[in-house]
Amino acid sequence: MGSLDQTFHALGDETRRTILAQLLNGEASVSELANQHDMTLTGVSNHLRVLNEAGLVRVEKRGRTRHCRIEPMVLKEASDWLDDYRCFWVRQLDNMAHVLKGIDE
């Protein structure tokens with residue numbers, strides 16, 4: 001399982017976020033993922049390595065083909081961590097709305 005630092009590092013790249021979005025539809029081979037990007041198999045493999053090291057993707061070799069699937073638990077950990085900040089901002093905005101409502105009255 002990856003740390004939050006690895007998770008956010010992996011999510012910091014647009015290509016890797018796109019790969020994760022592709023995998024939301026189900027398992028895909030490295031070739032299938034590469035076909036949807038303007039890069040080599042090596043380039044996609046490098047992105048998959050970062051995602052795999054962060055625990056966001058599992059890569060499994062079957063015969064000559066490597067299949068990839070999303071690992072949702074690490075994303076849940078990141079989401080849980082962000083929830084604390086989401087709650088903070090909801091409270092801040094609720095307080096601001098209350099103050100603004102008092103000004104309007």
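Tutor: Before we start, a helix here is a DSSP run of H or I with at least four residues, a strand is a run of E with at least two, and both are numbered from the N terminus. This is a predicted model, where local features need pLDDT of at least 70, side-chain atom pairs count only at pLDDT 80 or more, and totals for chains, interfaces and linings use all residues. Residues are numbered from 1 along each chain as its sequence is written, and side-chain values use heavy atoms, with hydrogens and water left out.

Student: OK, at what angle do helix 2 and helix 4 pack?

Tutor: Take helix 2 as residues 14-23 and helix 4 as residues 41-53, with their axes 10 Å apart. Axes are lines fitted to C-alpha atoms, for helices over the stretch in contact, and angles run from 0 to 180 degrees between N-to-C directions. On that basis, the angle is about 80°.

Student: And what do we call helix 2 relative to helix 4?

Tutor: Angles under 35 degrees count as roughly parallel, over 145 as roughly antiparallel, 65 to 115 as roughly perpendicular and the rest as oblique. That makes helix 2, relative to helix 4, roughly perpendicular.

Student: Which residues of helix 4 make the contact?

Tutor: Contact means heavy atoms within 4.5 Å. Helix 2 brings T15, R16, I19 and L20. From helix 4 come V44, H47, L48, V50 and L51.

Student: Why do the buried residues of helix 2 line one face?

Tutor: Buried means under 20% relative accessible area, exposed over 50%, and partly exposed in between (1.4 Å probe, protein chains only). In helix 2 the buried residues are T15, R16, I19, L20, Q22 and L23. The arc is that of the directions from the helix axis to the C-beta atoms. They line one face because, seen down the axis, they fall within an arc of 155°.

Student: Is R91 buried or partly exposed?

Tutor: R91 sits in helix 5, residues 72-104. Its relative accessible area is 47%, so R91 is partly exposed.
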